[in-house]
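Welcome! Take a moment to turn the model around before reading on.

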Amino acid sequence: MDMKLVKKISFFINTVLLVIVIFLMLFFYICKATFLVYFSIPTILVYLLSYILIYKEYLDIYLQLVYLWIIIYMTLSTICLGYDYGFHLYSLSLIPIIYYANYIAYKINTKKIATWVYSVAIIACYLGGTVYVAQNGPIYKESHKAAGVFWISNSIFVFFFLIFYTKTMVSNTIASEEKLKKMSYYDNLTGLFNRHYMMDCLNSKDDISANDTVAMLDIDDFKKINDVYGHNGGDYVLKKLSEIMNDTCTNGIISRWGGEEFLILLKPKDITDEIFEKLRKAVNEAVFEFEGKRINVTITIGVARRSEASSIDKWIQAADQKLYIGKNSGKNVVIS
């Protein structure tokens, strides 16, 4: 969420609040609640001023001003009209909203507000207003047939705010969790799974069988590529190689194991005798061209079945040893 979107939402909410205040001002006039009619005038001015604060991106000041005014407005409406109109119900939604607003402030990197101060203020004003009405009754005691409509409308608004903000917070939490999960499971450069994810897969007792295969893959003379073409050239090779692996081992789990090393996990049904040789040839024949210069890229692969080792570490070590053999046998080979 960026500042532009937050400003757009703030303008919309402020407009809705302004319209509601104008409507309530007319209703208070009909109910002959003179004090609330007069109090609506500075309230309208507050919301008009709020447009300027939003435009100038003083969102923390806007939020505190509007919140303070809503608390006062809610309390005075309860004291003047009593419980029958349901204005005191807004205290139920104001607290979660202020915490959500602080979350948005964090997301857009703006100044946050003291949520606990406003929470205490809401509770104090709610208790003060309701206790006053319980002991003395409302200031304007004349009943109005619209009281029931207001109670239902205010209740609906409160439930809407609670549902909306709760749903939004949960959705944002899930999105953040998914983002963190992706960051913890994926390699940022290549988009492949990372070592952490691969180890989770390999350690999963339900998913691994004796006939599963891992292949340890290494780019030949990668240091020389970095030395000649720079790290940007090396990154280009890693990303293009990743694309080739995804295209060739379509059903495999491919991870960047570290540096220029990759580990591929294949299930028995996905393994063919030539798949790793096919991958080696695809890389050998691919055109790697960086900044107008052709880069010669080859890979060496060591392949080991699960049944060859007593543990996951031994299994990976078996593939690594075969990779080592391939490196010492002239490179650009598959050793299985």
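Predicted model: local features only at pLDDT ≥ 70, side-chain atom pairs only at ≥ 80, totals over all residues.

Residues are numbered from 1 along each chain as its sequence is written, and side-chain values use heavy atoms, with hydrogens and water left out.

The chain holds 10 helices and 8 strands (DSSP runs, H or I of at least four residues for helices and E of at least two for strands, numbered from the N terminus). Its radius of gyration is well over what the globule rule gives for 336 residues, so the chain is more spread out than a compact globule. That radius is taken over C-alpha atoms, and the rule is 2.2 Å times the number of residues to the power 0.38.

| Quantity | Value |
|---|---|
| Radius of gyration of the chain | 33 Å |
| Box of the C-alpha atoms, along the principal axes | roughly 95 × 45 × 30 Å |

Of the 336 residues, 45% count as buried (under 20% relative accessible area, with a 1.4 Å probe and protein chains only).

Now look at helix H4, residues 91-107. Its end C-alpha atoms lie 25 Å apart, which agrees with the 24 Å that its 17 residues should span at 1.5 Å a residue (1.5 Å times one less than the number of residues). Among its buried residues are Leu94, Ile97, Ile98 and Tyr103. The buried residues of H4 pack against helices H1 (3-30), H3 (59-81), H5 (115-136) and H6 (147-185), where contact means heavy atoms within 4.5 Å. Just after H4, Asn109 has a positive phi of about 60°.

Technical notes:
Buried < 20%, exposed > 50% of the residue type's maximum accessible area, 1.4 Å probe, protein only.
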